[in-house]
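Keep the sequence and the 3D view at hand while you read.

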Amino acid sequence: MSPRARRGLLAALAVGLAAWPWVAPRYFVFLASLVFVNVVVALGLNLLSGYTNQLSFGHAGFLAIGAYTAALVAIYAPRVPVVVTLLAAGVVTALVGLAFGVPCLRLGGLYLTMATLAFGFVIVEAILSLDALTHGADGLRVPAVRLGAFGTFGDTGRYYLTAVTATLMVAAAVNLVRTRTGRAFLAIRESEIAAQASGVPVAAYKTIAFGLSAFYTGVAGGLFAFVVGFLSPDAFDVFLSVDFVVMIILGGLGSVPGSVVGAVIVTVLHDSLAAFQNYRPLIFGVILIACMRFMPGGIAAATRRMSMRLVVSLVLALVTLAAALPAGAEQGVTDTEIVIGCSNSFSGPLAYTGEQATRYGVDLYLKVVNDAGGVNGRKVRSVYYDDAYKPQEAVANTRKLLEQDRIFAVIAPQGTPPVMATLEYLDENRVPLLFPFQGSPVIRGRKYVFSGMTLYDRQSKMMIDYLVGHRKFKTFGVLYQDDDYGKAFLTAYEKDLARHNLKLAAAEAVKRGVTDVSAQIAKLRAAAPQVTFLVLTPGPGAQALKERQKTGWTDTVMVSSGPLTDEKYLGLAGDAAEGVEGLSLWPDPLISDLPGVKAYRAAMQKYFDKNEPNRYSLSGYFAAMLFVEGVKRAGRTLTRETLIGALENVRNFDSGILPPLSIGPDHETQKQGFWVRVEQGRFKPLTDWLKSD
Amino acid sequence: MSVAALIHVVVSGLATGCIYALMALALVIIYNATRTLNFAQGEMLMVSTFVAWAAQRALGLPLAASLVVAVVTGGAMAWAIERVVIRRAVAATHWDVLIITLGLSLILRSVAGLVWTHDEFPFPSFFGGRPIALGPVRLAPVSLGIIGASLSLMVALYALFSWTRLGRAMRAVAQNQRAARLMGISVERVYATSWVLAGVVGAVAGVLVAPVVFLSSKMGLVVINGFTAAVIGGFGSMPGAVAGGMLLGVIENLAPLYLPSGIRYSVPFLVLIAILVVRPAGLLGRVEQRKV
């Protein structure tokens with residue numbers, strides 16, 4: 001390419017990037033900001049992997065350090081301009097990276113890869129345990145960006161911030177390759193031994209590469225924090241590190257344009273596959289293998305010196321495409337249709353729950369309603385995107401739902417961190433958030449939020465009042481999951497026991513997805529509580545029951561929390577579940593003869609005959625039922641405000657599933673549960689509905 | 001905490017450790033032959049266990065027969081993967097295969113989710129859940145069974161590597177590929193055998209561990225503990241893999257007993273990093289001298 005053509009292309013690129021927020025729909029401005037964040041990460045990873053042959057599976061950890069540093073600076077020193085904050089994020093990450101990297105760099109190849117993998121896990125654990133600063137698993141809200149006197153930033157401001165930063169970082173990387181350090185990197189890439197023999201101090205340069213890589217990723221982390229607006233440890237798992245690896249493998253190891261192209265393609269692909277949950281890892285897996293087999297060196301090597309032109313063409317094509325993209329109808333309501341949806345887990349730790357609540361729950365009821373002619377003449381359609389329990393993806397998905405799909409309301413999203421991450425955004429846009437599948441009281445008292453599941457503090461109150469008041473138990477222990485769900489229950493139990501002048505005898509934490517709970521059970525047993533609460537998910541919950549059976553611990557009553565009391569957990573525990581008690585939030589979906597549950601089973605039989613009825617799908621079915629009730633009451637002039645008004649006036653709504661339900665200004669839809677005990681492998685009710693008011 | 005309870009916790013940890021050790025062995029077997037890591041080892045375990053489970057449900061097979069199904073599936077899948085995707089890439093850098101297996105692991109997990117959903121399922125066990133009392137000490141048959149079965153498999157592997165022609169060939173390839181080839185050993189055959197062997201070991205581990213951790217598309221994540229175990233023991237050393245696995249299992253179980261909850265889950269990784277820093281070759285490994 002002639003220098004003149006090159007200059008022309010660069011100018012066109014600059015114009016295209018500057019014009020983007022003015023031509024592209026809002027969502028694509030946000031998506032572009034994410035692309036820039038990933039470009040910086042890919043550059044950082046490529047500096048390490050591409051030039052010094054050190055593959056890292058821990059870059060999500062570096063990103064986390066940068067993100068949390070930036071967020072904490074923004075919280076505790078709100079007057080600091082964003083440039084300083086980003087530098088601080090980069091420097092802190094580089095320092096941590098060096099402290100970790102210097103001893104590890106002695107290790108070659110595979111060993112360093114292992115060490116980086118471990119580093120990623122340690123960082124996530126560190127975030128969890130430093131909860132005084134990071135708020136642990138609850139997640140941390142990041143304040144708006146400040147640029148000195150310019151005040152705070154909106155979407156466009158954040159776009160320019162990421163765009164300018166990424167451009168500077170790309171320019172720095174391009175120029176770095178032309179410096180003495182860059183030449184040393186290239187020499188090391190070609191042959192470490194030859195470089196050493198030619199007098200290149202390999203160890204020193206590897207350390208520099210490691211520090212630079214961490215600095216880049218830290219700065220990207222700072223940008224990430226501001227773009228996403230909410231951080232939680234779930235965001236930075238090993239699969240995020242894998243995404244970064246895919247970027248540089250696809251783009252091309254050791255190539256700056258390759259990093260950019262890889263980051264752009266992977267981010268855009270990731271986004272456009274959000275609705276195809278299971279196929280996303282499949283496609284990324286195929287990309288990795290295809291690159292290795294047919295395109296070693298990635299796109300950069302395949303296109304040789306064309307790559308700069310390729311970057312520019314790609315960006316220009318995207319700008320044109322975005323300008324041509326349609327903006328959807330207003331507010332998701334037309335004369336014939338209502339569109340609702342949510343971001344949920346269709347992969348990751350809670351994939352099963354997410355899929356059941358939405359595709360087999362909400363959609364099940366919508367099918368029934370639509371086949372009967374819809375509500376007030378309108379059919380209801382649903383859209384779902386997968387967030388894999390990561391807050392950043394929940395934010396992206398929710399924005400996409402609202403700005404592209406133009407949904408009317410969010411229904412039945414799952415999990416506290418993903419829901420919390422979208423709360424402010426939905427509030428600002430006055431979008432109803434209906435019946436999230438989570439019970440943390442943090443969502444209470446918001447105008448646009450209606451709770452779904454009986455909130456955890458109410459569940460705790462019913463459990464403690466029943467066990468202390470009716471059953472006269474005195475000593476209690478808790479085995480809880482080490483996250484927002486477990487901790488919310490723990491706090492509530494402590495508070496409710498204090499009302500009865502009692503205290504917890506022991507509390508033991510279980511990490512999510514752990515495989516052995518023998519130590520925790522041994523410690524709880526040493527405290528000899530009469531009642532042991534289980535605040536877990538089905539897998540570990542069943543393990544706790546099996547562990548009790550293994551050790552022959554008979555003199556305690558194990559009691560499951562509302563979310564745990566389900567058939568899945570019984571099925572997994574087998575005969576170890578006999579005699580277990582619990583708070584049940586739902587009637588038995590398989591055998592209850594309540595009219596609403598029978599109708600639910602009939603619908604399941606009709607539309608999804610291969611899917612077993614279960615509580616997750618029942619809860620989604622119920623959520624859709626309540627939504628449709630609100631829409632009916634709002635009448636033909638359906639707006640978000642009329643829906644909220646209509647829901648607030650629901651009185652004694654008889655679903656045939658739960659007792660007659662009234663929603664007041666507190667927006668809590670469910671407040672009840674009943675006590676059950678496991679007999680011959682099924683939950684037998686011990687009480688009528690308990691009240692928590 | 002009573003001594004009896006402590007013994008139970010340690011034995012339980014040893015049982016988990018045996019599974020880690022089997023994973024580590026599978027990784028080391030492939031590493032020794034091809035000098036690369038198999039990131040898909042966990043997903044291979046998961047898929048073979050799922051196939052065994054599906055066969056059992058569809059055909060009503062007894063548990064022993066489904067173990068055979070798992071082993072055959074594990075072996076066949078590993079053979080196919082080696083033959084179709086890995087072999088053509090072995091000549092390149094040690095990364096290529098690593099990245100390919102990473103891709104495979106993503107693909108296998110997706111496919112498992114599409115076929116069997118991401119739900120968790122109970123898996124029948126060879127061993128009962130009721131404890132055996134030895135004085136005040138209570139031991140679970142599940143733990144003892146896992147330990148017994150894993151140890152027998154390890155002994156069988158030891159015999160294979162020490163006393164058979166094939167085992168000698170594999171060790172020769174591990175030591176020096178070129179020399180082994182010059183001695184008339186078919187290196188390609190050793191590659192294939194190593195993969196099949198790793199697939200089989202993984203399948204046995206899967207059937208042993210599935211009743212404890214339940215069958216799900218997530219169970220392949222145990223491979224990370226397998227890596228850690230292999231590195232602690234010294235990557236490439238088979239006795240090291242066993243020791244590393246057992247040690248990791250016990251440490252994981254003891255940490256919640258004695259450490260505050262803030263750091264207990266980092267312990268395995270901190271141990272890993274510490275070992276890498278202080279003794280990069282692991283507990284029983286030898287420092288590798290590689291030439292240009």
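## The fold of chain B

Read from the N terminus, chain B is built in the order α-α-α-α-β-β-α-α-α-α-α-α-α-α. That makes 12 helices and two strands. Helices (H or I, at least four residues) and strands (E, at least two) are DSSP runs, numbered from the N terminus.

The C-alpha atoms of chain B fill a box of roughly 60 × 50 × 35 Å along the principal axes. A compact globule of 292 residues would have a radius of gyration near 19 Å, and chain B agrees, with 19 Å. The radius of gyration is taken over C-alpha atoms, and the globule rule is 2.2 Å times the number of residues to the power 0.38.

## How the model was treated

This is a predicted model, in which local features need pLDDT of at least 70, side-chain atom pairs count only at pLDDT 80 or more, and totals for chains, interfaces and linings use all residues. Residues are numbered from 1 along each chain as its sequence is written, chains are lettered from A and ligands numbered from 1 in the order in which they are written, and side-chain values use heavy atoms, leaving out hydrogens and water.

## Confidence

The model scores ipTM 0.89 and pTM 0.91. The predictor's confidence in each residue is its pLDDT, from 0 to 100. Chain B has a mean pLDDT of 87, with 95% of its residues at 70 or more. Its confidence is lowest in helix α11 (residues 261–264), at a mean of 68. It is highest in helix α2 (residues 41–59), at 94.

Chain A averages 88, and 95% of its residues score at least 70. Among its elements, helix α15 (residues 307–324) has the lowest mean pLDDT, 66. Strand β10 (residues 531–535) has the highest, 96.

## Chain A

Chain A holds 26 helices and 15 strands. Its radius of gyration is 27 Å, close to the 26 Å that the globule rule gives for 693 residues, so chain A is as compact as a globular protein of that length. Its C-alpha atoms fill a box of roughly 80 × 65 × 50 Å, taken along the principal axes.

## Where the chains meet

The contact (heavy atoms within 4.5 Å) takes 69 residues from chain B and 70 residues from chain A. About 6,200 Å² is buried between the two chains, and carbon and sulfur atoms give 71% of that. Buried area is the accessible area (1.4 Å probe) that two parts lose on being put together, summed over both. In chain B, the residues that lose the most area to chain A are B:Trp95, B:Ile99 and B:Tyr265, together 12% of what that side buries.

Polar contacts link 13 residue pairs across the interface, both residues at pLDDT 80 or more. Such a contact is a pair of N or O atoms within 3.5 Å; within protein, one must be able to donate a hydrogen and the other to accept it, and residues adjacent in sequence count only if both atoms are side-chain atoms. Several elements of chain B give two or more residues to the side that touches chain A, including α1 (3–34), α8 (187–213) and α12 (267–278). Helix α4(B) gives the most, with 16 residues.

## Salt bridges

Side chains of opposite charge can pair when their charged atoms come close. A salt bridge is a side-chain nitrogen of Lys or Arg within 4 Å of a carboxyl oxygen of Asp or Glu. A:Lys568 and B:Asp119 form a salt bridge (2.7 Å, N to O).

Within chain A, A:Arg26 and A:Glu403 also form a salt bridge (3.7 Å, N to O). This pair links distant parts of the chain, 377 residues apart. A:Arg26 lies in helix α2 (residues 26–52) of chain A, and A:Glu403 in helix α17 (residues 391–403) of chain A.
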